[in-house]
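Subject: Structure for you to look at

Hello,

Here is the structure I promised to pass on. Please open it first, then read my notes below.

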Amino acid sequence: MLCPADPCAGPDTACHRVITPRRCKTIPLYARLVRYGFRKHATYVWAALAGAFTNSVFGILRAYILIALWQARPGLAGYDLTDAVTYCFVTQAFIGPMQLFGGGLSIPERIRSGDIALDLVRPASLQLWTLAEDMGRAAYLFVVRGFPPMLVGAALFGVLVPTTPGRWLTFLTGFALGVVVSFGWRYLVALSVCWLLDDRGVAVLSLVLTTFFSGMMVPLHIFPGWLGDLARSLPWAAMVQLPTDLYLGKAPVLETLGFQAFWAVVLLGLGALGTRAIRHKVVIQGG
């Protein structure tokens, strides 16, 4: 029996028991996938702690390099010495959650094995399904792999910490948008396996672009002239440089979040087109 009442009204209505539209299930489904992604990666706690140790050690090495640079050039890029050290350890904390060195998605392996065909017939978007799991992964690594480098930096050098709830909210929003931008880029790289026999070249190119243009090595504000303008306008800046500037309070909030949201929408839109293209490719190949 169909009922004209709101099918999402609640569990006690006859309509809810008879009709459960997809839109009623969408949000709980993706929320469960975020939880699943968190719990899935929580099983690899020792791997995450080993990564945190590695990031902390390299953070110490980077910090000494930046200290030497800022002692020679005080005020470089608009940062003082404490800003530079804080920048170092915040960006080290981003390596795991942002998956800055690439990977983090199982799509390439599933394309090679043919299991991607099963993913494409699910009653849910492949892209959103994968994004939800990746957000859970990022949340777990942010806690387990992100905090240790910050604690090491605070203990050895001293780092800045936001002092107001508004600053924390702004930073966490920028961080979340950075994760979405990172996912959007890595999703496109993963989909390229459908057209390439070997994706290692694309993976290496992605690693170089992300490392150089994200601000992972040095702040993009150091880059001179047109190179600096170009670097700050590319999507990789939204992954590291801009969230870190929000943490330090050195970026206009609305403009920065708008820039990140723009690239998130663009990359997710390209990912949706890519998903549609591989769906047609699977059908054409009869797989």
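**What I found**

Of the 287 residues in the protein chain, 44% count as buried. Please keep in mind that this is a predicted model.

**Overall build**

The protein chain has 12 helices and zero strands. Read from the N terminus, the order is α-α-α-α-α-α-α-α-α-α-α-α. Take the contacts between residues at least 6 apart in sequence: 78% of them join residues at least 24 apart.

**Surface**

The accessible surface of the chain is about 14,800 Å². Carbon and sulfur atoms account for 69% of that area. Which residues make the nonpolar surface patch of about 410 Å²? They are Phe53, Val57, Phe58 and Leu61. Phe58 sits in helix α3, which covers residues 45-72.

**Salt bridges**

Side chains of opposite charge can pair when their charged atoms come close. The structure holds six salt bridges. Here are some to look up.

*Lysine 250 and aspartate 83.* These two form a salt bridge, with their closest N and O atoms 3.3 Å apart. Lysine 250 is in the loop between α11 (241-248) and α12 (253-284), while aspartate 83 is in helix α4 (residues 81-98), so the pair ties together parts 167 residues apart in sequence. Is aspartate 83 buried or exposed? Aspartate 83 is buried, at a relative accessible area of 6%. Lysine 250 is partly exposed, at 35%.

*Aspartate 134 and arginine 186.* Here the closest N and O atoms of the salt bridge are 2.6 Å apart. Aspartate 134 belongs to helix α7 (residues 126-156) and arginine 186 to helix α8 (residues 165-191), so this pair ties together parts 52 residues apart in sequence. Both aspartate 134 and arginine 186 are buried.

*Arginine 232 and aspartate 229.* Their side chains meet in a salt bridge at 3.0 Å, N to O. Both lie in helix α10 (residues 225-233). They are three residues apart there, so about one helical turn separates them. Arginine 232 counts as partly exposed, with 31% relative accessibility. Aspartate 229 is partly exposed too, with a relative accessible area of 49%.

*A network.* Which residues are linked in a network of salt bridges? Arg110, Asp119 and Arg122 are.

That is the handover. Over to you.

Best wishes

Note on methods:
Residues numbered from 1 in each chain as written. Predicted model: local features only at pLDDT ≥ 70, side-chain atom pairs only at ≥ 80, totals over all residues. Heavy atoms only, no water. Helix = DSSP H or I, 4+ residues; strand = E, 2+ residues; numbered from the N terminus. Buried < 20%, exposed > 50% of the residue type's maximum accessible area, 1.4 Å probe, protein only. Contact = heavy atoms within 4.5 Å. Areas by Shrake-Rupley, 256 points an atom, 1.4 Å probe, with all protein chains shown as cover. Patch = residues over 30% accessible without salt bridge, like charges linked within 9 Å, V, L, I, M, F, W, Y side chains within 5 Å. Salt bridge = Lys/Arg side-chain N within 4 Å of Asp/Glu carboxyl O.
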